[in-house]
Amino acid sequence: MQLQQVILNLVLNGMEAMNRALDGRRVLTVSAARNESKGALVTVADTGAGLAPDNLDRIFSAFYTAKPEGMGMELAISRSIVEAHGGRIWASPNSPRGAVFQFVLPAGMET
Ligand SMILES: Nc1ncnc2c1ncn2[C@@H]1O[C@H](COP(=O)(O)OP(=O)(O)O)[C@@H](O)[C@H]1O
Ligand SMILES: [Mg+2]
């Protein structure tokens, strides 16, 4: 249940990032796959404005937001949820533009 919340947060962030981008096609991709160690790898990719390289980790800090009405809590909460399940979450640049958020979870866990 909490993990659905994480995916929802990432989807909403992706949609917001694409809303703020003025031009270009808006594509949000959500996918799930089994990773090497038989855990799950979930990927949410968008074609929004993307992230500055030095922001890729900072955005997971509590209260970090670039939005006038943002709370800056969702990514921080998402990271604690994923880590509480023994997983990892990170961001990287999409190509040619936008952001990719991914998290891995170990195999055989209860959600
Ligand atoms: N998909 C994304 N593309 C670009 N920037 C993003 C994306 N997701 C998050 N961010 C950046 O990370 C910040 C923190 O996100 P979040 O923790 O969800 O808080 P909030 O959405 O309230 O700002 C956002 O304000 C934005 O600057
Ligand atoms: Mg958000």
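This is a predicted model: local features need pLDDT of at least 70, side-chain atom pairs count only at pLDDT 80 or more; totals for chains, interfaces and linings use all residues.
Residues are numbered from 1 along each chain as its sequence is written, and chains are lettered from A and ligands numbered from 1 in the order in which they are written.

The protein chain contains two helices and four strands, where helices (H or I, at least four residues) and strands (E, at least two) are DSSP runs, numbered from the N terminus. Along the sequence these elements follow the pattern α-β-β-α-β-β. The radius of gyration of the protein chain, 14 Å, is close to the 13 Å that the globule rule gives for 111 residues, so the chain is as compact as a globular protein of that length; the radius is taken over C-alpha atoms, and the rule is 2.2 Å times the number of residues to the power 0.38. The C-alpha trace spans about 40 × 30 × 25 Å along its principal axes. Of the 111 residues, 23% count as buried, a residue being buried if 20 or more other C-beta atoms lie within 10 Å of its own, exposed if 12 or fewer, and partly exposed in between, with C-beta atoms placed from the backbone. Among contacts with a separation of 6 or more, 56% are accounted for by residues 24 or more positions apart, two residues being in contact if their C-beta atoms, placed from the backbone, lie within 7 Å.

The strands pair in the antiparallel sense, as described here for β1 with β2, β2 with β4 and β3 with β4; two strands pair if DSSP finds at least two bridges between them. Strand β1 (residues 29-34) is joined to β2 (residues 40-45) by six bridges, and Arg 34 stands opposite Ala 40 in β2. Five residues lie between the strands of this hairpin, in which Lys 38 takes a positive phi near 65°. Six bridges also connect β2 with β4 (residues 99-105), where Leu 41 is partnered by Val 104 and Thr 43 by Gln 102. On β3, which is joined to β4 by six bridges, Ser 92 has Val 100 of β4 as its bridge partner. The hairpin of β3 and β4 has five residues between its strands, and Gly 98 in the turn has a positive phi of about 105°. Pro 96 lies in the loop between these two strands, and the peptide bond from Ser 95 to Pro 96 is cis, with omega near 5°.

Leaving aside neighbours within four places in sequence, Phe 101 is in contact with Leu 10, Val 44 and Ala 91.

Two exposed residues may also be described. Arg 20, found in helix α1, counts as exposed because it has 11 C-beta neighbours inside 10 Å. Apart from neighbours within four places in sequence, Arg 20 is in contact with Gly 48 and Ala 49, and the C-alpha atoms of Arg 20 and Ala 49, 29 residues apart along the chain, are separated by 7.3 Å. Phe 63, placed in the loop between β2 and α2, counts as exposed with 9 C-beta neighbours inside 10 Å, and its phi is near 75°, a positive value in a residue other than glycine.

Ligand 1 is surrounded by 21 residues, the closest being Ala 17, Thr 65, Ala 66, Gly 70 and Glu 74; a residue is near a molecule if its C-beta atom, placed from the backbone, lies within 6 Å of it. Helices α1 (2-20) and α2 (74-84) each supply at least two residues of this shell, and α1 gives the most, with four residues. By class, the shell has 10 nonpolar, eight polar and three charged residues, where Ala, Val, Leu, Ile, Met, Phe, Trp, Tyr, Cys and Pro count as nonpolar, Asp, Glu, Lys and Arg as charged, and the others, Gly among them, as polar.
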